[in-house]
Amino acid sequence: MISPRYQSTDELVKRVQLAERLGVDQVWLEQQPDQRDALVTASAYLHAAPSISVGTAVLPVYARHPVAMAQAAASLSELSSGRFVLGLGYSHKFVNEYVLGLQQGPPIGVMREYVDIVRRLTGTGEVNAEGRHFTAHAQYTDPPGHVPIYLAALRPQMIRLAVELGEGIVIWLSSLRYVREQVMPVVREACAEFGKDEKDFTVLTILPAYTGTDEAEQRSRWAKSAASYRMLPYYRHVLNAYGDPQPEEFSLIGPASRVRERLAEYREAGCVPVPSPMPGTDEDFISTVEAAYGSAS
């Protein structure tokens, strides 16, 4: 994960190109309410690194009408020869109602209607839907193509919806125990119910990562950041699931051997861990990526 929030745009592009040279084949980026537009930045990433697929983790659905979202996603997919992955999320009341000034609806109902419109428009090029939360009567006349859709999902109902309608989920602030006990059992049950092969459904677990000379400082920085997420109910639920977890339980900060050990544990749990290099120099970035994936050949 290469966050669009820490460097200049030129530096971000260089980081993506550096990641490509180091052997990374997929990059993710998030959307913050006070940062660069993730779709526009994703376009720059796709152009800068022609062998890498790029996904959003995630775009808040209330920020764009589903027709506009489908048009943007289909365009990026076509321009990149199918290398774009659309990650969507319900977001939080602070963003939906305070930042955007919209009255949010029930999460599952909103996401079901939204994803259905996006899927139909990107898949068949046509949609006619009049729902409780969204209306769409639209066509997409350029060649439609399949756009993989991932949902931000931490609780059973949203996980089930993602299995039913999408190709994967994106989770954040999740300890290994939370993945094993709260996420993967629901994924397996939902895959069986909806007739999907569990191997074809991806559970992405984003984990702050750092291997470098400022390990103590980065641990302190991450502890403060993790504590701030308790103000958001969805993340507070995850953080409180098993008492008061230490920030190290959902991060990859330490020597290369420890990072690789932790990555292996998450993979054994059934998910795909996504290291998110913390702010630092190019040398820090390289050491962190190499710790996760091995040295460049």
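## Salt bridges

How many salt bridges does the structure hold? The structure, which is a predicted model, holds 12 salt bridges.

In one of them, the side chains of Glu193 and Arg160 meet, with an N to O distance of 2.4 Å. This pair links distant parts of the chain, for Glu193 belongs to helix α7 (residues 176-193) and Arg160 to helix α6 (residues 156-165), 33 residues apart. Glu193 has a relative accessible area of 49% and is therefore partly exposed. Arg160, at 32% relative accessibility, also counts as partly exposed.

Because Arg188 lies in helix α7 and Glu198 in the loop between α7 and β9 (202-210), the pair ties together parts that are 10 residues apart in sequence. Arg188 is partly exposed, its relative accessible area being 37%, and Glu198 is partly exposed at 29%.

Arg219 and Glu215 form a salt bridge in which the closest N and O atoms are 3.1 Å apart. Both residues lie in helix α8 (residues 215-228), 4 residues apart, or about one turn of the helix. An α-helix has 3.6 residues a turn, so residues three or four places apart point the same way. Arg219 is partly exposed, with a relative accessible area of 26%, and Glu215 counts as partly exposed at 26% relative accessibility. Through salt bridges that share partners, Glu215, Arg219 and Glu248 are joined into one network.

## Aromatic pairs

The count of aromatic pairs comes to 9. The rings of Tyr62 and Phe134 have centres 6.3 Å apart and planes at 40 degrees, so this pair is tilted. It links distant parts of the chain: Tyr62 is in the loop between β3 and α3, and Phe134 is in the loop between β5 (126-130) and β6, 72 residues apart. Tyr62 and Phe134 are both buried.

A stacked pair is formed by Phe94 and Tyr98, because their ring centres are 5.4 Å apart and their planes stand at 25 degrees. Both residues lie in helix α4, 4 residues apart, about one turn of the helix. Elsewhere, Trp172, Trp222, Tyr229, Tyr235 and Phe250 form one aromatic cluster.

## A nonpolar surface patch

Phe94 and Tyr98 also belong to a nonpolar surface patch of about 490 Å², which is made by Phe94, Tyr98, Val99, Leu100 and Leu102. Phe94 is partly exposed, with a relative accessible area of 47%, whereas Tyr98 is exposed, with a relative accessible area of 65%. Leu100 is located in the loop between α4 (93-99) and α5 (107-123). With a relative accessible area of 34%, Leu100 is partly exposed.

## Helix α3 and its surroundings

Helix α3 (residues 66-79) has 14 residues, which should span 20 Å at 1.5 Å a residue; its end C-alpha atoms are 20 Å apart, in agreement with that value. The helix is followed by Ser81, whose phi is positive, near 60 degrees.

The buried residues of α3 are Pro66, Val67, Met69, Ala70, Ala73, Ala74, Leu76 and Ser77. The elements that cover these buried residues include the helices α2 (38-48) and α5, together with the strands β3 (59-60), β4 (84-89) and β6 (135-139).

Notes. Residues numbered from 1 in each chain as written. Predicted model: local features only at pLDDT ≥ 70, side-chain atom pairs only at ≥ 80, totals over all residues. Heavy atoms only, no water. Patch = residues over 30% accessible without salt bridge, like charges linked within 9 Å, V, L, I, M, F, W, Y side chains within 5 Å. Areas by Shrake-Rupley, 256 points an atom, 1.4 Å probe, with all protein chains shown as cover. Salt bridge = Lys/Arg side-chain N within 4 Å of Asp/Glu carboxyl O. Helix = DSSP H or I, 4+ residues; strand = E, 2+ residues; numbered from the N terminus. Buried < 20%, exposed > 50% of the residue type's maximum accessible area, 1.4 Å probe, protein only. Expected span 1.5 Å × (residues − 1). Contact = heavy atoms within 4.5 Å. Phe/Tyr/Trp six-rings, centres within 6.5 Å; stacked < 30°, edge-to-face > 60°.
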